[in-house]
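Please look over the chain below before reading on. The report then takes its parts in turn.

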Amino acid sequence: MLGRLFARPNCLLNRRNRYQLLTTLIINLISVSHGIGIGWLSPTLRKLQSNSPIGFEVKSEFEISWVGSMLGMGSVTGNILIGTHLGRLGSKRCLLFLAIPHSCLWFLVYFAQSVEYLYVGRLLAGITGGGMYIVHPIFLSEISDANIRGTFSAMVMLSVNVGVLGGYIVGTHLAYYDIPWMVLVLPLCYFISVLLFIRESPMHLIRIGKYAAAERSFRYYKNIKDGDNINDQNRSMEEFEHMKIALTKGDDKKDVVTFKDFVSRPALRAYGPALVLLIANQFSGLFTMVNYMSDIFSKSGSTMDPDTSTIIIGAVQIMGSYVTTLLCDICGRKLLMLVSTAGVAISLISFGFFTKYAQSYDLSEWSWVPLVLMSMDIFLGNIGLVGCFFVCLVEIFPLKIRAKAASIAIVVCSSFVFLMLNIFPLCMRHWGISATMWSCGGVSAFSFIFFAYFLKETKGKSMLED
């Protein structure tokens, strides 16, 4: 019975899928490490504002907002840098590059003499994240079988969220100067593993005319051995020949994307939902709150320890991203988006009311409420607005402009990350935490109404359709 289970094509431990799984686990080492860099900031930022463990303090709202927002600026840089060089350099070189700026982040954290060191470090962390969100999905789609591709792609966000929880924990419980050297082990292991065990994708090798290397790469990722059943080998190599023909045949000019393709009727119909997806994803505050979670709890009126509450939120975030991998292809994208936006709106508006009344009344007996409401916000946000975001963004664009339009959208999303990380602390200071939460909740409520009427279900859609 166990043997039959492992023999199923969609089983990750199936013999054919083993090297694909190993590759996915290896490249997600940098996803975990990137998540630690994100989560580490939340408890550490509170320490740097008073009784700083290093030689300076980060006190002003201006400095706090820029330490947070430089991640977004770096993400835009990483999107553009990797996006423009991926086709020429190939996935393996781009994957290796991701370890360099991320490692530099932790050196800057350790040797920081002023807040500018943290600015540059967060910028470098953003470059790794922005590049990762471009190269990982493309590389995984080129090496993995169609029946497990979605699971492998979902592992990226799951790995980031595992790292975020790890960042919350180490930032809370470990000394400032111990953390960088511990975390540096991950990018070092990642770099060595990619160098030794990761092969360039067969699709890229075909595109640059290295057909023999492409065949060796294909046989590696599909785990095809010379001693295998001859019929199985023939079927697999037929798949390789079809791939080779599809990537090398025809007139290149007919596939050139022009301005007319971006103003076609299907393209214009996609821009509205895509823009609202971007706005909902960032201006609902889900990613921003992950970076400032300890500050949010400290200002919420709750008497619970902010750092402990933040660690609990990190665990809830992992649960949400895991549920997405289970339900995305069962319930569909639209239903998860509707549940997600409605849940985020209700949670944040309720959180705003609690913090408003906590300023005037003694709500110490209800200190658990902010944690419950924020847990609902993060969990429901992750099952749709975060978990299904990249899937929906790619699927709603027409075939011909899909790659370029999705890349542009990701750059715009990274710009929104920078904006939100920059203004969120300023909004909490000048508007108050209640009005800030109500604003984010209002964006989510608007998105719910828009998605209910205008977002099309794309579950089961062929990637060859508009």
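Buried means under 20% relative accessible area, exposed means over 50%, and partly exposed lies in between (1.4 Å probe, protein chains only). With 21% relative accessibility, V257 therefore counts as partly exposed.

This is a predicted model, where local features need pLDDT of at least 70, side-chain atom pairs count only at pLDDT 80 or more, and totals for chains, interfaces and linings use all residues. Residues are numbered from 1 along each chain as its sequence is written, and side-chain values use heavy atoms, with hydrogens and water left out.

**The chain as a whole**

The chain has 22 helices and zero strands. Both are DSSP runs, numbered from the N terminus: helices are H or I with at least four residues, strands are E with at least two. Of the 466 residues, 52% count as buried. A contact means heavy atoms within 4.5 Å. Take the contacts between residues at least 6 apart in sequence: 81% of them join residues at least 24 apart.

**Around V257**

V257 sits in the loop between α12 (230-248) and α13 (259-262). Which residues does V257 touch, not counting those up to four places away in sequence? They are F262, K400, I401 and K404. V257 and I401 are 144 residues apart in sequence, yet 6.7 Å apart in space, C-alpha to C-alpha.

**Salt bridges**

A salt bridge is a side-chain nitrogen of Lys or Arg within 4 Å of a carboxyl oxygen of Asp or Glu. How many does a search of the whole structure find? It finds two.

| Salt bridge | N to O distance |
|---|---|
| R46 and D307 | 3.5 Å |
| R207 and E142 | 3.2 Å |

R46 is partly exposed because its relative accessibility is 26%. D307 has 9%, so D307 counts as buried.

R207 and E142 also meet through their side chains. They too join distant parts of the chain, 65 residues apart: R207 lies in helix α10 (residues 202-207) and E142 in helix α6 (residues 115-143). R207 is partly exposed, at 46% relative accessibility. E142 is buried, because its relative accessible area is 10%.

**Helix pairs**

Axes are lines fitted to C-alpha atoms, for helices over the stretch in contact, and angles run from 0 to 180 degrees between N-to-C directions. Angles under 35 degrees count as roughly parallel, over 145 as roughly antiparallel, 65 to 115 as roughly perpendicular, and the rest as oblique.

Helix α14 (residues 265-283) packs on helix α22 (residues 433-454) at an angle of about 150°, with the axes 9 Å apart. So α14 is roughly antiparallel to α22. On the α14 side, the residues in contact include P273, V276 and F283; on the α22 side, they include C440, F446 and F454. The residues of this contact divide into 12 nonpolar, two polar and no charged. Here Ala, Val, Leu, Ile, Met, Phe, Trp, Tyr, Cys and Pro count as nonpolar, Asp, Glu, Lys and Arg as charged, and the others, Gly among them, as polar.

Helix α2 (residues 18-27) and α3 pack at about 25°, with their axes 3 Å apart. They are therefore roughly parallel to each other. L25, I26 and I27 in α2 meet L29, I30 and S31 in α3. This contact has five nonpolar residues, one polar and no charged.
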